[in-house]
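Please look at the sequence and the 3D structure below, and keep both in view while reading the report that follows.

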Amino acid sequence: TGSITVTACGVTIRNVEVIAQNQTFDDFFAIWLKHDEFCAEPIIIDRVSVIADGFITTAVRNAFGGPASVLSSKFIGIQDGILGFGSGLIQDTYIELGMSMNGEHNDGIQTAGSNGLTIRHNTVLNPNDQTSALALFTEFGSNQNMLVENNLIAGGGYACYCGDGVGAPSVNVDFIDNVFWKKYYPTVGAFGPGRAYNPNGGGVWSNNLYMEANGTLAGDGLTSTLVEQPDVDQ
């Protein structure tokens, strides 16, 4: 019960459940990674659950974007799931956000200029009508050499901010075999399935499908919706 803060390189957190309790609206990070961005060895979070009791800002916050991986984990009821990864792997993880408590951002996975990050085979659900399930922003630079593969995503304002941004165009950002689920909204997100994927950045957009609320795959049709001008409203 409480929270975990990591300041060293190469730490593994495995088979742990964090019951994060916070009855105020002050920021509270269940797992706060403060290791150096130039660590040679990544932080590994493996088979870890975060259960929110009250206002939990983020399940896993990576303060400086150091190398890290989240594997086979479960985060439920938080305002933001995983935030700030620069490089590493997010895989086989279930993220279901709680309802927004004070109107701030709600993102299942949020990055802001990543290089060498793989997001694979996760379920990311945002029942709120704002921000996103998957937010690949460019606040701190271009998104480069990223693979987003075989994920199930739903909800948010846009279900996906898909990697591009004004002044920092994406480079080699691949979206392959993902499913955009109409679980909460008929347009996947409240305003649409996504925006800001750059088809000219060298990445691959392939076999990304819609799924109806009842679980029936509804086919392609995302490309023309998502390939828009770079995102300007983060």
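## The cavity

In this predicted model, the largest cavity holds about 60 Å³ of space. Counting cavities of 30 Å³ or more gives a total of one. Such spaces are found in a simple way, since rolling a probe the size of a water molecule over the atoms shows where empty space is left.

The residues that line the largest cavity are Ile109, Ile119, Val124, Leu134, Val148, Asn151, Ile153, Cys160, Phe175, Asn178 and Phe180. Sorted by class, this lining is made up of nine nonpolar and two polar residues, with no charged residues.

## A disulfide next to the cavity lining

Cys160, one of the residues lining the largest cavity, also forms a disulfide with Cys162, and the sulfur atoms of the two are 2.2 Å apart. Cys160 counts as buried because its relative accessibility is 0%, and Cys162 is likewise buried, because its relative accessible area is 1%.

## The other disulfide

The structure holds two disulfides, and the other one joins Cys9 to Cys39, with a distance from S to S of 1.9 Å. This pair links distant parts of the chain, for Cys9 lies in the loop between strand 1 (4-6) and strand 2 (12-22), while Cys39 lies in the loop between strand 3 (29-33) and strand 4 (43-54), 30 residues apart. The torsion about the S-S bond of Cys9 and Cys39 is about -70°, and the disulfide is therefore left-handed.

Are these two cysteines buried or exposed? Cys9 has a relative accessibility of 41% and so counts as partly exposed, whereas Cys39, at 8% relative accessibility, counts as buried. When the bonded cysteines of the chain are numbered in sequence order, the pairing reads 1-2, 3-4.

## The chain as a whole

In secondary structure, the chain comes to one helix and 23 strands. Taken along the principal axes, the C-alpha atoms fill a box of roughly 45 × 35 × 30 Å. The radius of gyration of the chain is 16 Å, which agrees with a compact globule, because a globule with 234 residues would have a value near 17 Å.

Of the 234 residues, 52% count as buried.

Methods. Residues are numbered from 1 along each chain as its sequence is written. This is a predicted model: local features need pLDDT of at least 70, side-chain atom pairs count only at pLDDT 80 or more; totals for chains, interfaces and linings use all residues. Side-chain values use heavy atoms; hydrogens and water are left out. On a 1 Å grid over the protein atoms alone, a cavity is a set of points where a 1.4 Å probe fits but cannot get out, and a pocket is an open set with protein on both sides within 12 Å along at least five of seven lines; lining residues have an atom within 4 Å of a point. Grid points are joined across faces, edges and corners, and a volume is the space filled by probe spheres set on the points. Ala, Val, Leu, Ile, Met, Phe, Trp, Tyr, Cys and Pro count as nonpolar, Asp, Glu, Lys and Arg as charged, and the others, Gly among them, as polar. A disulfide is a pair of cysteine sulfur atoms within 2.5 Å. Helices (H or I, at least four residues) and strands (E, at least two) are DSSP runs, numbered from the N terminus. Buried means under 20% relative accessible area, exposed over 50%, partly exposed in between (1.4 Å probe, protein chains only). The radius of gyration is taken over C-alpha atoms; the globule rule is 2.2 Å times the number of residues to the power 0.38.
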